[in-house]
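Please open the structure in a viewer and keep a selection panel at hand. The stops below are given in the order in which they may be selected.

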Amino acid sequence: MLNNKSHNASKGSEVFPICLRTSNLENSSSLQTYLSIGGYQQIQRILKEKISPEKLIEEIKISGLRGRGGAGFPTGIKWSFIPNDSAGTKYIVCNSDEGEPGTFKDREIIKKNPHQLIEGMTIAAYIMGAQVGYNYIHGEIWEEYESFEKALAEAKKANFLGKSICGLGFDFELHAFHGYGAYICGEETALIESIEGKKGQPRFKPPFPATYGIYGRPTNVNNTETYATIPWIMQNGGESFANIGVENSGGTKIFSVSGHIERPGNYEIPMGMPFKTLLELSGGVWKGRKLKAVIPGGPSTPVLPAAEIMETTLDYDSLKNSGSSVGAGSLIVMDETTCMVSTLKRLSYFFYEESCGQCTPCREGTGWVYRVIKRIVDGKGKPEDIDLLLDVSKKISGRTICALGDAAAVPVLSFIKHFKDEFKYFIKNGKSMMDANS
Amino acid sequence: MLTETTRKKIDSELKKFPIDQKQSAIIAALQIIQTENGFLTDDLIALAADYLGMPKIAAMEVATFYNMFELKPAGKYKISVCTNISCALREADDIVCHLQKKLNINFNEVTKDSKFSLKESECMGACSGAPLMTINNHKMHEHLTPQKVDQILEELD
């Protein structure tokens, strides 16, 4: 059990490492270090005591854990979708393909605490009756892909993976799989296509991966942080986890803080922490400047102006009430000098570049949006461009197979909603409001 | 024909998948081949497809879909700079300008001596280290300044 000091942290003013709990230890990623904090004891206890999957799922439901990749779907409910007793191979997939701009938490889990992720995936495999797992790792973080391969080899050698884990009769093979540069593969069915050796184009759903995933077999896909949380919940109980956070937002969440901030980095904090407190923890806005705006969960979540985010706590309900979302916890800070028009131009280019091209509204719409914003930034904007941007974005949203189309519309709609004057100024004057005095 | 070393590396990847699902190793196979050759040609892509028993067009689809693959000759050192939001906010533009001036090339170009090529990259998922770049896809350099870039390039032969 944790000491009291850690539990006091649940009052919401300090970091509370669960997924990153080995971070400050020497050789944090080694098997030895993980064993020293009680690692791999939960999977052994579960296998020895033959605890039923139903009971374990119940514990996860009590914990309030929700998918940490962005969708926030309750994990306990998701895991009950896969019939434990169906015959044939079933797969467990970890989505470490974090390409949402501003997201870098999975990288740190893999780098600093890979064995907790491995144990979490093994427990998940036991619960869902899966025999094989893949950790799909973003191609750009190559060194982490290689270090995860090493961690897998260590775990296999110690019999925490493979045939009859710890001699307790449960088999589970886990492999690392690398992407090679495609944001869309973070979408779970695109990721599955990619594991099958294809272009990462999302599948039409239903059928969902729970019944028709890799090679048409039942497959469960969750984010890295979600799996890495499981051993702690098994060790301390679902209620302890739920008590750390606030209602509807159980436990801790890693927020990746980047942009105009003094100390960019990952902060694993109790959910429900006021944004103000996290801003202080991460050293405040850089160069002593004022806060202008924050994207709380990556560009797929709406931007919030300073005045609004300063009144918000970091949990599912509070961010939703503010008109945004927790997303993947990719918190991007922008100071008072930031030109919102140019920033939107870069984000729109990203969605245009990464659209897989399968659905016409997204393929054509993202390019259209980018070209219109580009002409504004080039000083050739027309007064009707703002309405055009809103119109095209709204027509992409909800008309595509996957959520990339919706995501592409989010920054356009939210940037214009909160900073319309800047767009008008740019169109009228052919230059940024931020350059007004120069 | 693929070299024996290449085949061994691909074989090791194939162990991760069911025996009748060799296509699953295509991304890894193309990565291995590109790392050895610097970029992918139609012939190399066809060899990978043959080795995995899949249609050449399916391997070509993969090679053209994932943006870390190079289908044209790249420099001995391919420099990919992230210019997405978190890097842009921390002045990635200065790094890009510095590199373009220093190497006298734009994005998607190769220096005359074929030593360097330059690419603009999307988010690499390491934004606490912004601004950042990778060299030949697999080595990441973080917290860049123009001086640090100079140092890194000097150390490359």
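Begin with B:Thr6 and select its surroundings: leaving out residues up to four places away in sequence, B:Thr6 touches B:Ile32, B:Ile33 and B:Glu36, where contact means heavy atoms within 4.5 Å. The model is a predicted one, in which local features need pLDDT of at least 70 and side-chain atom pairs count only at pLDDT 80 or more, while totals for chains, interfaces and linings use all residues; side-chain values use heavy atoms, with hydrogens and water left out. Residues are numbered from 1 along each chain as its sequence is written, and chains are lettered from A and ligands numbered from 1 in the order in which they are written.

B:Thr6 belongs to helix 1 (residues 4-14) of chain B; helices (H or I, at least four residues) and strands (E, at least two) are DSSP runs, numbered from the N terminus. Is B:Thr6 buried or exposed? B:Thr6 counts as buried because its relative accessibility is 2%, the classes being buried under 20% relative accessible area, exposed over 50% and partly exposed in between (1.4 Å probe, protein chains only).

**The interface of chains A and B**

Next, select the contact between the two chains, which takes 59 residues from chain A and 44 residues from chain B. The area buried between chain A and chain B is about 4000 Å², with carbon and sulfur atoms giving 55%; buried area is the accessible area (1.4 Å probe) that two parts lose on being put together, summed over both. Highlight A:Glu140, A:Tyr180 and A:Arg346, which supply 20% of the area that chain A buries against chain B, more than any other three residues.

How many salt bridges does the rule find across the interface of chain A and chain B? The rule finds 6, a salt bridge being a side-chain nitrogen of Lys or Arg within 4 Å of a carboxyl oxygen of Asp or Glu. One to display is that between the side chains of B:Lys16 and A:Glu149 (2.9 Å, N to O). Between chain A and chain B, 26 residue pairs are in polar contact (both at pLDDT 80 or more). Among the elements giving two or more residues to the side of chain A that touches chain B are helix 8 (142-157) and helix 15 (340-354) of chain A. Helix 15 of chain A gives the most to that side, with 7 residues.

**Within chain A**

Move to A:Gly162, in the loop between helix 8 and strand 3 of chain A. A:Gly162 counts as buried, at 6% relative accessibility. Apart from its neighbours within four places in sequence, A:Gly162 is in contact with A:Phe170, A:Asp171, A:Phe172 and A:Glu173.

Then select A:Ser240, which lies in helix 11 (residues 238-244) of chain A and is buried, with a relative accessible area of 15%. A polar atom of the A:Ser240 side chain lies 2.7 Å from the backbone oxygen of A:Asn236.

Finish with the cysteines: a search of the whole structure finds 0 disulfides over all chains, a disulfide being a pair of cysteine sulfur atoms within 2.5 Å. A:Cys402 is in no disulfide, and the nearest cysteine sulfur, that of A:Cys356, is 6.3 Å away. A:Cys402 is buried, with a relative accessible area of 13%.

Conventions
Polar contact = N/O pair within 3.5 Å; in protein donor to acceptor, adjacent residues only side chain to side chain.
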